[in-house]
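Please keep the sequence and the structure in view while reading.

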Amino acid sequence: MEASRERILERLRAGRQGGLFLPSRSDADIFTWHARDREVAIATLAEKLTALKAEFHRVPNTAAAAQQLKALLQPLASNDPEARPQFLRHAAVLLETVVAQDPWLQTAIAVVEADLPHREFASYKAGITTVEFLVARTGSLVVSSAGSGGRRLSVLPPFHLAIATVDQVTSSLEEALAGFHKSGREHLTSVLTIITGPSRTADIEKILVLGAHGPRRLAVILIG
């Protein structure tokens, strides 16, 4: 047992010293599909998200993104004019640009604060984040804790809504990880999460249940 532990630690230390980030085996060794261009990647991403019971909305610009965001959130909002903001987002230029397009969004969505207690996150009806990348092959969202207001924002509210731009769509996870490595943002985050569809389980009698360990609903608004 002790020898196995030491072997594992030695491998971890060796990887750290070498700055190893990507798996040693290339993605192309395993998969044959690669999008020939961005439009094919976006079409595949939409198809995969739909198959995963997530929602996909493509819009031409930030003004249209604001309209789409409002259309998704307004049916969930309370009719009480005195109610506090019921939706939560993190501070990001893209989200601020979208929210600034509509007065209703500005009052309905609060910006997450670092000292917000865990239990408060779950009381909001939706968590709105950006992403690092979207992976077409699997319909996955690559989200960093630094770039999405901490991991709690995409996990605790029952509805996770992500806003991204077309230049963040990649064919494969390998391409996404390489892009993240190249961005120089590694030192800003403690965890990188790959989200593939709404939270789900089929542990009991193989019956699919959504929302078992995280958001029951997932939507992506893609700008561009």
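This is a predicted model: local features need pLDDT of at least 70, side-chain atom pairs count only at pLDDT 80 or more; totals for chains, interfaces and linings use all residues.

A salt bridge is taken here as a side-chain nitrogen of Lys or Arg lying within 4 Å of a carboxyl oxygen of Asp or Glu. The side chains of Glu55 and Arg217 meet that description, with an N to O distance of 2.6 Å.

- Strand β4 (residues 126–129) pairs with strand β7 (residues 159–165) in the parallel sense over three bridges, with Ile128 standing opposite Leu161 in β7.
- Strand β12 is mostly covered, since six of its seven residues are buried.

**Helices on the sheet**

**Salt bridges**

- Side chains of opposite charge can pair when their charged atoms come close.
- With the 4 Å limit, the count comes to five salt bridges, and three of them are described in the points that follow.
- Which parts of the chain does the pair of Glu55 and Arg217 tie together? Glu55 lies in strand β1 and Arg217 in strand β12, so the pair ties together parts that are 162 residues apart in sequence.
- Glu55 has a relative accessible area of 22% and is therefore partly exposed, and Arg217, with 28%, is partly exposed as well.
- Arg58 and Glu39 meet through their side chains in a salt bridge of 3.0 Å, N to O; this pair links distant parts of the chain, with Arg58 in strand β1 and Glu39 in helix α2, 19 residues apart.
- Arg58 counts as partly exposed at 37% relative accessibility, and Glu39 is partly exposed with a relative accessible area of 46%.
- Lys70 forms a salt bridge with Asp102, in which the closest N and O atoms are 3.4 Å apart; the pair links Lys70 in helix α3 to Asp102 in the loop between α4 (93–99) and α5, 32 residues apart.
- Are the two partners buried or partly exposed? Lys70, at 23% relative accessibility, counts as partly exposed, whereas Asp102, with a relative accessible area of 14%, is buried, because buried means under 20%.

**Aromatic rings and charges over rings**

- The count of aromatic pairs comes to one. The rings of Phe87 and Trp104 have their centres 6.3 Å apart and their planes at 50 degrees, so the pair is tilted.
- Phe87 belongs to strand β2 (residues 87–89) and Trp104 to helix α5 (residues 103–108), so this pair ties together parts that are 17 residues apart in sequence.
- Phe87 is buried at 0% relative accessibility, whereas Trp104 is partly exposed with a relative accessible area of 21%.
- Arg217, the salt-bridge partner of Glu55, also has its charged end over the ring of Phe159, at 4.2 Å from the ring's centre.
- Arg84 lies over the face of Tyr124, with a distance of 4.4 Å from the ring centre.

- Val143 lies in strand β6 (residues 140–144) and is buried, with a relative accessible area of 2%.
- Val143 and Ile194 are 51 residues apart in sequence, while their C-alpha atoms are 6.3 Å apart in space.

Notes: Residues are numbered from 1 along each chain as its sequence is written. Side-chain values use heavy atoms; hydrogens and water are left out. Rings of Phe, Tyr and Trp (its six-membered ring) pair if their centres lie within 6.5 Å; planes under 30 degrees apart count as stacked, over 60 as edge-to-face and the rest as tilted. Helices (H or I, at least four residues) and strands (E, at least two) are DSSP runs, numbered from the N terminus. Buried means under 20% relative accessible area, exposed over 50%, partly exposed in between (1.4 Å probe, protein chains only). A charge sits over a ring if NZ of Lys or CZ of Arg is within 6 Å of the ring centre and within 35 degrees of the ring normal. Two strands pair if DSSP finds at least two bridges between them.
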